[in-house]
Amino acid sequence: MDLRFGDSKPTDEERAAVDALLGPPESSWEGADRSDADLRWARGGREARDRRDQLLPALHALNDRVGWISEGALDYVCRRLTVPPAEAYGVATFYAMFSVRPRPATVLHVCTDLACTAAGASRLCAAVESRLGPESGVKVERSPCLGLCERAPATLVIRAGESARPAQEDTPARPAFEDEAVQAEGGSGGAAPGDDGGTSRSSEAESGGGKGRRGRNTLHATAICAPATPDRAIAAATAPESAPTEPAPETAVPQTGDTNLTLLHRIGTADPTSLDDYRAHGGYTALRRAFALGPAAVIREVTDAGLVGRGGAAFPTGRKWQATAAQPDHPHYLVCNADESEPGTFKDRVLMEGDPFALVEAMTIAAYATGAHRGYLYLRGEYPRALARLTHAIEQARTRGLLGDDVLGQGYAFDIEIRRGAGAYICGEETALFNSIEGRRGEPRSKPPFPVEKGLFGKPTVENNVETLVNVLPILTMGAEAYAAIGTPTSTGPKLFCVSGTVARPGVYELPFGATLDELLALAGVRDNLRAVLLGGAAGGFVRPDELDIPLTFEGTREAGTTLGSGVVMAFDDTVPLPRLLLRIAEFFRDESCGQCVPCRVGTVRQEEALHRIADRTGAAAADDIALLREVGRAMRDASICGLGQTAWNAVESAIDRLGAYE
């Protein structure tokens, strides 16, 4: 039996929010007023089903406008897209940023994850909750990692409303499309003659480039307060005009100005809102070389450079691209995974905020090499400034002929659409991400078939994260041999590390593979009384202070019995209660498990329960529960469908075995 919403009706505001995205309904079957024609035949069903992938954007439209998703609004979305109500309800309740219960238009998210916990998030949250009662009109929610670990503790204010504008949007006041008029009038565009193709845009480009999309990528009001105090957080939530200005992206890069940087060299040097400035600092040199080489040669360069995925799996990028390009089924798709939700990870955020055009260029190269003409950038929902910067960068590139029907006048068509995530760690897994884009719950798929064969919309798909893609630019500009000379023979190139916790200079650091953990922490200014270092985030493992000579390579960390993961390095001194950190990790995995497979769904709960029981016990009193933890951990590692369940026990196991957490 299907779920039904009874007589619930959408409000005018809810209807307007959905119609702004999907366009007005064409018949009563979709929600319009009934006409005589509608009594004779049903129209729009097939077309609506083809737009199932608009379900997540439609839920965002409602959440942005109203602040929550009512039964009437959800029913209207279901009618517009011909989605069964039970399925739509399952999607709406899957994501942490949505609510199907009434809540105020203003929500203050207070991060309580690892870096923020070490920086006093519990005290901050208690103080804010005690001062913001129901009469304040602000809902306080404890949040998993907000990706602001270098500025812990962190808060994010989200304010719904039709006229809301993003507090953090700092793109130029002049609309992007006005650059067309400047070029048409002979103004300086910074482009070489014949380099940028035409300046006209198709109706699809004007609509945001989406599949069947009519509305633009609108922004709700946001304010980031980090590092936060109770007074600053409350002011940001209750007095929008007093919201603090977010620091420039280069403040998260302690190495800014270092001429030896490869991936971060433009951050703090080039204006991230200016395409001309990006090109003046070497932008689009790599794409021009890609067109000169051809798709097969581009893949060969990436393969010869030894580039592997930077998200943690370390799969050879060239092999993935080649496998996708060789598939006879078409169309091919490119997906950029910008949903970095691993606690302690924020490098992709800094790249997108500080050098957004680099990601647009890199995605264009990857698509060209693999035969894709459509790219989806799945962006974490908690990154408002990255959304503003990338939206602007894509519009500028499209306007100047660097995206669209004829990229750089080469006869190659490619465009990018941004899809916002809504708070689901599991969507960092590539097949869960595909399901999310398609308008389904973000649950991982069983493999095979692999994404290179049947990925997004059942078609061959190449998926890479932001850091992996940005590495393609120096490979093409300096050549595969020179790139491979950086790092070690088996781990080539530069690597970005997210350093946070009890260090003097937290931020994103760029080092060649092979540098030691000790060298990295020396740059960050590790404090006295170091207790432990967590590598790889919540899915990683702890190491002791006497193990800092570990080489930061994939093989080096494996040999040391830990993992490099996505590059998270969190340092904790002896003032941080280790059992509380382990309990927070267990809570995180319990919250984020999608529940699809029993080992993870049940195992994460049992792990948290055991850690609660032994939080204040040590030695023999904790022995039985530690034995249970080991049994549960092995079951999750061996039988879970995806990496979430397979790694949920790693950090706890390493803390018990390497740090003696409960001795």
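Reader: In what order do the four strands of the open sheet stand, and what makes them a sheet?
Author: The order is 7-6-5-8, and the pairing is parallel. Two strands pair if DSSP finds at least two bridges between them; strands themselves are DSSP runs (E, at least two residues), as helices are (H or I, at least four), numbered from the N terminus. Strand 6 (residues 372-379) and strand 7 are joined over six bridges in the parallel sense, so this pair meets the criterion of at least two. Within the pair, Leu377 is opposite Ile418 of strand 7.

The model is predicted: local features need pLDDT of at least 70 and side-chain atom pairs count only at pLDDT 80 or more, while totals for chains, interfaces and linings use all residues. Residues are numbered from 1 along each chain as its sequence is written, and side-chain values use heavy atoms, with hydrogens and water left out.

Reader: Why are strand 7 and strand 8 said to stand at the edges?
Author: Strand 7 (415-420) and strand 8 (461-465) each have a single partner strand, so one side of each lacks a neighbour in the sheet.

Reader: What makes strand 4 mostly covered?
Author: Buried means under 20% relative accessible area (exposed is over 50%, partly exposed in between; 1.4 Å probe, protein chains only). In strand 4 (residues 221-225), five of its five residues are buried. Ala221, Ala223 and Cys225 lie on one side, Thr222 and Ile224 on the other, so both faces are covered under that cut-off. Strand 4 also pairs with strand 3 (residues 155-159) in the antiparallel sense over five bridges, with Cys225 as the bridge partner of Thr155.

Reader: Why is the largest nonpolar core called a core, and how many residues has it?
Author: A nonpolar core is a set of buried Ala, Val, Leu, Ile, Met, Phe, Trp, Tyr and Cys residues joined through side-chain atoms within 4.5 Å. The largest such set has 159 residues; Tyr95, Trp321, Leu377, Leu379 and Phe542 have the most contacts inside it. Helix 16 (residues 356-370) gives the largest share, 11 residues. A separate second core has 24 residues, including Phe497 and Leu552.

Reader: What makes the largest pocket a pocket, and what is its volume?
Author: On a 1 Å grid over the protein atoms alone, a pocket is an open set with protein on both sides within 12 Å along at least five of seven lines; a cavity holds points where a 1.4 Å probe fits but cannot get out, and lining residues have an atom within 4 Å of a point. The volume is about 1,300 Å³, taken as the space filled by probe spheres set on the points, which are joined across faces, edges and corners. Among the 46 lining residues, Gly311, Gly312, Ala313, Gly428 and Glu429 are the closest to the centre. Strand 8 gives the largest share of the lining, five residues.
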